[in-house]
Amino acid sequence: MRVLDDDEITAKTANFLIKKGIENFEDLANISSEEIMKWSNLGRRTLEEILQLMKKYGVSFSDK
């Protein structure tokens with residue numbers, strides 16, 4: 001499923017993810033939590049929204 005297809009995602013978060021090349025949950029699962037924290041312009045609310053969507057769909061970062 002594409003992340004951007006979820007009705008609960010805001011336009012701000014959708015645009016942020018598009019700019020980072022994230023289109024689906026597999027893309028999110030292939031990055032680490034350290035990597036996402038290095039993204040510039042990642043605000044607390046956007047991060048919280050991303051984490052909520054990941055939890056909703058059972059996706060986790062690639063941290064080992």
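Is Ser32 buried or exposed? At 19% relative accessibility, Ser32 counts as buried, since the cut-off for that label is under 20%. The close-ups below all come from a predicted model.

**View 1. Ser32 in its loop.** Ser32 sits in the loop between α2 (25-29) and α3 (33-37). Setting aside residues up to four places away in sequence, Ser32 touches Phe61, Ser62 and Asp63.

**View 2. Helix α1 meets helix α4.** Here α1 covers residues 11-19 and α4 covers residues 44-56. The two axes come within 10 Å and cross at roughly 85 degrees, so α1 and α4 are roughly perpendicular to each other. On the α1 side, the contact is made by Lys12, Thr13, Phe16 and Leu17. Sorted by class, the contact of α1 with α4 has three nonpolar, two polar and two charged residues.

**View 3. The two sides of helix α1.** Which residues of α1 are buried? They are Thr13, Ala14, Phe16 and Leu17. Looking down the axis of α1, its buried residues fall within an arc of 160 degrees, so they line one face of the helix. Helix α4 is part of what covers the buried residues of α1. Over on the other side of α1, you'll find Ala11, Lys12 and Lys19 exposed. Just after α1 comes Gly21, with a positive phi of about 80 degrees.

**View 4. Ile50 and its contacts.** Ile50 is part of helix α4. With 1% relative accessibility, Ile50 counts as buried. What does Ile50 contact, leaving aside its neighbours within four places in sequence? The partners are Thr13, Leu17, Leu28, Ile36 and Leu42. Take Thr13 as one of them: the C-alpha atoms of Ile50 and Thr13 are separated by 7.6 Å, although the two residues are 37 residues apart along the chain.

**View 5. The Glu8 and Lys56 salt bridge.** How many salt bridges does the count come to? The tally is two salt bridges, and this view shows the one that Glu8 forms with Lys56. The closest N and O atoms of the pair are 2.8 Å apart. Glu8 lies in the segment before α1 and Lys56 in helix α4, so the pair ties together parts that are 48 residues apart in sequence. Glu8 is exposed, with a relative accessible area of 55%, while Lys56 is partly exposed at 43%.

**View 6. The Arg44 and Glu48 salt bridge.** In this view, the side chains of Arg44 and Glu48 meet in a salt bridge, with 3.1 Å from N to O. Both residues lie in helix α4, four residues apart, which is about one turn of the helix. Arg44 counts as exposed at 56% relative accessibility. Glu48 is partly exposed, its relative accessible area being 37%.

Methods:
Residues numbered from 1 in each chain as written. Predicted model: local features only at pLDDT ≥ 70, side-chain atom pairs only at ≥ 80, totals over all residues. Heavy atoms only, no water. Axes fitted to C-alpha atoms, helices over the stretch in contact; angles between N-to-C directions. Parallel < 35°, antiparallel > 145°, perpendicular 65-115°, else oblique. Contact = heavy atoms within 4.5 Å. Nonpolar A, V, L, I, M, F, W, Y, C, P; charged D, E, K, R; others polar. Salt bridge = Lys/Arg side-chain N within 4 Å of Asp/Glu carboxyl O. Buried < 20%, exposed > 50% of the residue type's maximum accessible area, 1.4 Å probe, protein only. Arc of directions from axis to C-beta.
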